[in-house]
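Student: Please pick one part of this model and take me through it closely. I would like the surroundings first and then the detail.

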Amino acid sequence: MAAIKILLSVVFFAVLVCPQLLVAAETVPLPAAIEQQITAAAHDVKTLHSEFAQEKYLSIFEEKLLSSGQFYYQRPDKLRWELLEPVVSGFVLNGDSGKRWHQSIAGSEPFKLKQDRAMSLIAEQLFAWAKADLDWLHKHYEIGVTQQQPIQLCLLPLAENNGFLDHLLITFSPDASYVASVEIHESDGDYTRINFKKTVVNGCIDSDIFADRLSD
Amino acid sequence: MIGKLYTFFAHHTRLLLLGYLCFVVVSIICFSRVQRQENIEALLPDTDGTTVRRDFNLLQQAPFARKILIDLHYADTEDIQSTAIDNDNKLKQAAVELCKALQKPLFNSAIYAPPLSKKHRLDKLLLQVLPNLVTEDDLNKIEQRLTDKSITGQLHKLRDQLLTPQGWWSKRNIRQDPLQLWQIGAGHLRQLNPMSKADREQLDFVSADGTHRLVVVDTSVTISDVVGSRQLIAGVHRAINSCVPEDIVATIVSGHMYTLANADTIQHDLKVVLGTASAAILLIFLFLLRSWRALFVFLLPASVLGIAAVAVATLFPVVSGITIGFGAVLLGITVDFTLHVYFSLRGSDKPGQQQQLRCLSSQRSDQLPGLQYYVELSIAWSAPTGGILNDGNCFIFSSGFGGDAPSLWHG
């Protein structure tokens, strides 16, 4: 009886306290063939435009938080991320500077990545997903594969970069040319799922998109 | 006993001279071995009811009192042929190298830019100290934030924030301080902007016109410590000489420089005054006594200073330089006792010399003029400052030696 209790305790610890253990158990190291496939497909991507739906599962809320918006990317360093529902909020990045806005405030606020650590970290993540920059990801995460078709990568942050993050699950499109969904799992059990849809690869994007908040 | 010693040394003058030389050498060695403290703290009152020493110590612990500011700029920008960008790069390089050269133990840290990369968590700190910072107005603001309408509005705002990518990093802060009360503490810092003209583009300490760069150095050396300040500023000059090109001017701004300037001025003045006074007294002795032995009358009490300083050091491990200085002044008073002895016993063929010696060595203490100074010192002993207390000790030890010694050398 005591042995069963100990076993249950270990299982409880593994499931609830160390979700990384479960993820790691299902993950295999990134095969070179898949790495080459992702790199080759990403190499051809010049621009990306996608709508996204975000689901947030937070322990402080009973219900999941739903939001939606759109995302633009242009190689090498232009990005626009904006929420449209239920609140209008977003930012553009152009090189090492950008502008952000919120519906409660008129206009936009400029910022520099060097001076805004939070925005710098966000930009790093978003650019890494958009570019499928495996070199950068290798430096910051231990990369494994949880499924091969479509490709799903599991990213475990290296110890020194851990912070709030437990692991990331990145699912690619069937041809591996862009990211179809991202799950951000936090160390306290909360997680966020972002599903990208209506993705357009290498479409024409107006330069104003990366300049500032667009007039309503 | 003094009479016997006198008789003995009267017939062994070389031995007396050798003994005297040994005494002087021992005194010099003792004086050089005493660990001297050149710190104003030794003169501050520490008796009950006074807070001067405590206040001064607190003042010295203030961050600004432990900073050295080094301004780097070109000596004459008109003569510089290179571009402004090149100049700025060279200035920055000099600042970076200077920071690397300014290392422990004298320097705790040296920075040429605000430490923005450090995760200070100012919001968390401000929240912790908020009870110490709040004013009546702040309490009113908190009360306004606690209304139903305000709380609802704030929660909606926080939910919106959690939907954005920034929400990934701010969730923990939101849970700790949902009403964002830390902002009330931050409001108190609004007027505190010591780097208002710093160049935010470069993220370094750069003047508005870009021609000056600043290096901020932190040290543990207190501004009242003259010896430490001298080592510290010497270390800064060494680093500047090794790292900063000759065409770049380094201007040092620090309380330690002020301390050194004061100490150097005082020490120079004391050297001039004491040197001149000593020479003048010696000349007076030689002129009035008209004998080379006047040299002994003068030097023997002076030689006692080193031994007296060591005796003081047995009670106080670190002796203030000011204590030794005042002790030396008090010590000069004992010279008049040696003069009494000298004049009493002058002339070796004088009749009744032995009786005089016996009388001198056995007379009652209140007949010795030197003892009146002990009485005076009883006042100094009860004085409220540690410095005067030390001076009293120095005098007591020195006059103990100086008072009994003259009969040994008189011949």
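This is a predicted model: local features need pLDDT of at least 70, side-chain atom pairs count only at pLDDT 80 or more; totals for chains, interfaces and linings use all residues.

Tutor: Of the 216 residues in chain A, 42% are buried, where buried means under 20% relative accessible area with a 1.4 Å probe and protein chains only, exposed means over 50%, and partly exposed lies in between. Residues are numbered from 1 along each chain as its sequence is written, and chains are lettered from A and ligands numbered from 1 in the order in which they are written.

Chain A holds five helices and twelve strands; these are DSSP runs numbered from the N terminus, helices being H or I with at least four residues and strands E with at least two. When contacts in chain A between residues at least 6 apart in sequence are taken, 43% of them join residues at least 24 apart, a contact being heavy atoms within 4.5 Å.

Twelve strands of chain A make an open sheet with antiparallel pairing, in the order 1-8-9-10-11-12-2-3-4-5-6-7. The edges are taken by strand 1 (28–29) and strand 7 (105–112) of chain A, each of which has a single partner strand, so one side of each lacks a neighbour in the sheet. Pairing here requires that DSSP finds at least two bridges between two strands. In general, strands of a sheet pair through backbone hydrogen bonds, either parallel or antiparallel.

Strand 9 of chain A covers residues 151–157, and seven of its seven residues are buried, so the rest of the structure largely encloses it. A:Ile151, A:Leu153, A:Leu155 and A:Pro157 point one way from the strand, while A:Gln152, A:Cys154 and A:Leu156 point the other way. Burial therefore applies to residues pointing in either direction: seven of seven are buried.

On one flank, strand 9 of chain A is joined to strand 8 (residues 141–148) of chain A by seven bridges, and the two run antiparallel. These two strands form a hairpin, with two residues between them. Opposite A:Cys154 in strand 9 of chain A stands A:Gly144, and opposite A:Leu155 stands A:Ile143. Strand 10 (residues 165–172) of chain A also pairs with strand 9 of chain A, again in the antiparallel sense, over four bridges. There A:Leu169 stands opposite A:Cys154.

Strand 1 of chain A pairs with it in the antiparallel sense over two bridges, and A:Val145 in strand 8 of chain A is the bridge partner of A:Val28.

Helix 3 (residues 32–43) of chain A lies across strand 8, strand 9 and strand 10 of chain A, and runs at about 100 degrees to strand 9 of chain A. Such angles run from 0 to 180 degrees between N-to-C directions, and axes are lines fitted to C-alpha atoms, for helices over the stretch in contact.

Elsewhere in the sheet, strand 2 (residues 47–57) and strand 3 (residues 65–74) of chain A run antiparallel and are joined by ten bridges. A:Leu65 in strand 3 of chain A is the bridge partner of A:Lys56.

Helix 4 (residues 117–131) of chain A has 15 residues and spans 21 Å from first to last C-alpha, close to the expected 21 Å at 1.5 Å a residue; the expected span is 1.5 Å times one less than the number of residues. Its buried residues include A:Met119, A:Ile122, A:Ala123, A:Gln125 and A:Leu126. Further along helix 4 of chain A, A:Phe127, A:Ala128, A:Trp129 and A:Ala130 are also among the buried residues. Just after this helix, A:Ala132 takes a positive phi of about 50 degrees.

Methods. Side-chain values use heavy atoms; hydrogens and water are left out.
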